Each structure stands twice: as C-alpha cells, then as structure tokens.
Amino acid sequence: MHYILTLLLLTSYIYAKTTDFSIIIDEKFNNALVDVAEDYDRSISAVGFIKEYKDSSSNDSATYSNAFDYLSSLSNAHGSQMHLVKVDNSANISLRKSMNLANFNEAVSLVKTPENGYFIGGHTLSGSLVLLKLDSHANKIFASEFGTPNHDKLSKLVSLRDGGVLAVGSSAASQNQSYDVFSNGLGLNDIYVARFSQNGTMLWSKRYGSYDDDTGIDAAEADDGSIVVLGKVNKGKQTGASLMRITEHGDKIWLYEKIEEKRITPHKIIKLRDSAFVVSLSQKDEMNKEQIRLLKVDLQKNILQDKTIYTTYSSVLKDIDEYSDGRLAAVGHVQDSYDTDGLVMLLDAKFSLLLQEHYGSVDFDSFHALDVLHDSKIAVAGVHTNKESQETNMWLLKLNRDLTMSQISNSVTNFYAQLAELFKDEIKANSLTLRDDLSINFSSESLYFEIGKHMLTNPQKKFLDSFGKKLLAFLYKNKEHIKALEINGHTSSEWGTSDFSSGYLNNERLSMNRSFATLSHIFNNQDEKTKKWLSEILKGSGLSFSKKIMLNEVEDKKRSRRVTFKIILFDN
C-alpha cells in the first residue's frame, strides 16, 4: 500500500500532533472516534469512546449487605464512556470531555444543534439506547435511555429539519406481545427507529422487520418530510440491503430489498441536492474480497444508478458527503493481507473515481466518518494503531479537497512572520510597523491626519492602494482563518477650549470618520467578489484619543492622528 502519513513522537502523554493536520489521541486501552462535524465557529468536533477504569482502592471502606452487591461493584469498575473532542483551526485540542454516565456506553453518532451544541447517540453495554443533548461547552442538558425491553443497539443518529433527531438501530426479538412496538416484526432482530423533538421528547418509536434478521443502519430525510431508512437483511447465508420509506410519523410507505448471491453489506445513505439518495454498499467478489458498490435511488424506489468500484484490495466506504458541485467525498478502509489503512475517495456525480488515497502506518487504521467543511476541506474521524502497540487510538485529521493532508492552520506567530515578509519594504522604509498581535500602525508622517481632518490626502490614498492590494490578497488567500479585519480611527486629545466631555465626543466622531474614510476607500477599490467577502470581515470603529501615542510620558499629538489595522483570527 501507499503510506503518506508520517507520525511524530508524542508531544505529551495525552495526544500526539504531526506537522500535518492529524491528531492521534493515545489513551490506555482501545478507543476510537466514530463521527465528526464542523462547529459554527469553524472548529471541528468528534465523538467516540474511551475505556475508563475506576480505582477500586477508593471503595475499600465500603460495606455490602450481600455478595451480589459486591460483585456488581466489581463489574462496574471498568468499561467504555462516550467522549467528545473539539479541535481549533491550528489543530489544538480545545475541549475533551467524557460523559460519565452511570452505565458504561459507547457513542455512535454526533449531530449539531442550532445552539452550536450537540446531540450524541449511542448505547449502553447492557443493551439500552442513549440520547444526550449538550451545550456548546459539552455540558449535559439532558441524558435519556430508551428502547425496548430487549437488547438494543444504535447505528446512527440522523439530523431532521425541525431540529429534532431520528435514532436508527436494532432490537432483539421478543415474544412479549404486550409491547406495542412489536407489531411490525418478530424476527431474530428487527429495525428500531425513534423520533425525538428538538427538546428531546420522544415523538414515536417503531419496530420494522420480517421473520429474518433485520438491522437498522442509517436514514435520510426527504424534501417532503418522509424518511428513507437503510437496513441490513440476513436470510440464511445471504446478506443484503433493504430500503424502506416511512412517513414523518413512522408509517411504512414501501419496502425494497436487494439480496443477491454476492454478500451485500450496507453502510450509509445520504440525500443529494437533486433530492435523490446515494447508498454505500460493499459486496464480496469471487475472491471473497469486499468491493465498493454505490446505488442512486429516488423516492419511488427506482434505481437511477448502480455502480461497482473495483479496487486492488478489499475496500469499504463507511461515510459519504456531497460537495456543492455534485462531487462526492467518501471515507472507509482498505485492507490487504498485512494491514488495514484509512481510505478516502473523491467521486464525480456518476460515481466515477477521480482520486483515491490511503492513510495509515503498518498496522490497523480505519476511517469511520467525514464532514465536508465550509472551505471544501474534509474533516475525518477514525482510529489509528501506533507501531509496537495493539491498542487503537482516536484519530482526527483534516484533508484538502485533492485528498492531500491539510497543513496545520497558521498560528498568530506564523501570520506575523508572513506579514513581516510581505511588508518588509514598507517596514524597512519606516512606513509602517507590525506588532506580534497582528496590529499594523502607519509610521510615515505623510500618513497622519491634520488637526480636525478626516478626508484622505493623495499621499494617503496612494499608500492605501498599494498597502491594501498586498494585505487583501494575503488575507483572501488565508480567508478560512480570518475572523475580522479591524480599521480603527484615532485622534489626539486636544479640541480647542472644549470641556472634557465635548472634547471626547467630538474626537470620537472624528476618529469614526477617519476609520470610515479609510475603510470606504479600500472597499470601493475592490471587485464585487472581494467586496462581498470584505462585508463579512470588515469592522470599522473610532477610539477617540483612548490610544494616543505617548513618548517619554508626553503625548505625540501628530502621530496620534492616525488609523490602525488589526487582523483577528478564528482561533485567537
């Protein structure tokens, strides 16, 4: 295989970070990241699980009335806990938090809420389904266990247009006819679906299936509010996929099963921008090797496209996302006789393979989920196995659209170095100064304002044209990291014989006028595309004489009559 990931040594005992945008979180025992989403502040959040072991020594003083309570305390001493990780644009971990539920559990899915919080879905190891709602700081708003009286397992949590979520999974069969959700199936396992409102109220839960073994895998909401549920069907030695369309209230509209001689395993369904759906499957070939198969279906269960992507090694696509131009990004794993790597593919709208890359080391690595980000890069969550270890670790990385590894976004220090190089001639000529907080001050006498004036002079306009051309080209190139460009107007402290209040307010108005004159000159000299972008980041303000220039404890009134620029990054 082709390995293009180079791992560095651990930078701390908690996690390792490469020069690329790749984070390995190395905890004791097996752990994994299973889903990922972009936050509204452009950071990335991923959910998974870690193994937590309680210190039994802290319970040495506990007394038990019977042996069963003692044995129960021992069995609850270790297990999995849902775990959330948040990473900023510089690949720094800004938040890590375990949910610490009473029963050990594993997360399977993550959905963003309108408040920039999270719905997290999973299941306990004892067979209950779990739904959590967290705020933007991962503080628990509520946690509820639900499901049937049997052993249940969650496969996916699906975001709905009304702000609620759909839980898709499976439930073991039962002969308890008094439980009303059993009216639709009594097989070995049945598909279990539950709908929740935005505040976590369960609206309905239903079970679907046959006398065979059925498992709920995923679902996608249609434009009309109906839902297409992807399932897995086991019929004897045959494995196939099922598609079922249900109403928003859970009533079945139609069922379609695809069972062939080749063993088919379903993995993912998404709704496309054209309102059709793409289903990711894998199927065994004559050599018992898994190959990728993609279906495109409409709401009337018509198969619009059916394509198998043949690869050299066994390959599976576990997650798919669509770009605005109809191309598809997909992740999963590829396996040969020696190891398993994370697999990422770029496909066109006809499912033709455009690009493919493998990421990993010499042992087991796999990608579980992806999210196409606002800047067309791809956030990927999965597992990585370190060399000389048998334990899987949480793995979060960011890829470019051409599937190469994204570089760690520029920090303030790197931005400062690049700006210093960009304006080296102006700095050498003493036309401007650059500070390490990314503020830029004009230092040439020709760039200061006259007393009480705010209109730009010709020398000021000429300098701003050259300065603005360089600065805006640089900022636009790095626009995914730019939160704001501040243009602040300043004044000296004098204002005739006015009292302090009048002097301050008059200077405040003057400083705002200087800011606006500079901002509007730069803005009006741009094309329409740049103007629209600038409208999102430009911020003009007047600071009166609050930031006047002092030299040897004496105000330098001439140098105080100025404008300054400051660049604000998202991860500041």
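1. Glu494 is partly exposed, with a relative accessible area of 24%. In this predicted model, Glu494 forms a salt bridge with Arg561, and the closest N and O atoms of the two are 3.4 Å apart. The pair links distant parts of the chain, 67 residues apart: Glu494 sits in the loop between β32 and α5 (500-524), and Arg561 in the loop between α7 (557-560) and β36 (563-569). Arg561 has a relative accessible area of 9% and is buried.

2. A second salt bridge runs between Lys539 and Glu486, with the closest N and O atoms 3.9 Å apart. Because Lys539 belongs to strand β33 (residues 538-542) and Glu486 to strand β32, this pair ties together parts that are 53 residues apart in sequence. Lys539 is partly exposed, at a relative accessible area of 47%. Glu486, at 17%, is buried; the cut-off for that class is under 20%.

3. Leaving aside residues up to four places away in sequence, Glu486 touches Lys539, Thr564, Phe565, Lys566 and Ile568.

4. How many salt bridges does a search of the whole structure find? The count is 27. Side chains of opposite charge can pair when their charged atoms come close. One further case is Arg559 with Asp556, where the closest N and O atoms are 3.9 Å apart. Arg559 is partly exposed, with a relative accessible area of 34%. Elsewhere, Asp218, Lys268 and Asp319 are linked in a network of salt bridges.

5. Next, a helix pair. Two packed helices are described by the angle between their axes and the distance between the axes. Helix α4 (residues 458-477) and helix α6 (residues 528-537) have axes that come within 12 Å and cross at roughly 75 degrees. Angles of 65 to 115 degrees count as roughly perpendicular, so α4 is roughly perpendicular to α6. On the α4 side the contact is made by Leu472, Leu475 and Tyr476, and on the α6 side by Lys529, Trp533 and Leu534. By class, the residues of this contact are five nonpolar, one charged and no polar.

6. Is strand β23 (residues 314-322) mostly covered or mostly open? Strand β23 is mostly covered, with seven of its nine residues buried. Strand β23 runs antiparallel to strand β24 (residues 328-335), and eight bridges join the two. In this pairing, Ser315 stands opposite Val334 in β24. The hairpin of β23 and β24 has five residues between the strands, and there Gly326 takes a positive phi near 95 degrees.

7. Phe29 is placed in the loop between β2 (22-25) and β3 (32-38), and its relative accessibility of 33% makes Phe29 partly exposed. Asn100 is not a glycine either, yet has a positive phi of about 55 degrees. The loop that holds Asn100 lies between β6 (93-98) and β7 (105-112).

8. The last point concerns Tyr40, in the loop between β3 and β4 (44-53). Which residues does Tyr40 touch, not counting those up to four places away in sequence? They are Lys112, Thr113, Pro114, Glu115 and Asn116. Tyr40 and Gly117 are 77 residues apart in sequence, while their C-alpha atoms are 9.5 Å apart in space. Tyr40 is partly exposed, with a relative accessible area of 47%.

Conventions. Residues numbered from 1 in each chain as written. Predicted model: local features only at pLDDT ≥ 70, side-chain atom pairs only at ≥ 80, totals over all residues. Heavy atoms only, no water. Axes fitted to C-alpha atoms, helices over the stretch in contact; angles between N-to-C directions. Helix = DSSP H or I, 4+ residues; strand = E, 2+ residues; numbered from the N terminus. Parallel < 35°, antiparallel > 145°, perpendicular 65-115°, else oblique. Contact = heavy atoms within 4.5 Å. Nonpolar A, V, L, I, M, F, W, Y, C, P; charged D, E, K, R; others polar. Salt bridge = Lys/Arg side-chain N within 4 Å of Asp/Glu carboxyl O. Buried < 20%, exposed > 50% of the residue type's maximum accessible area, 1.4 Å probe, protein only. Pairing = 2+ DSSP bridges.
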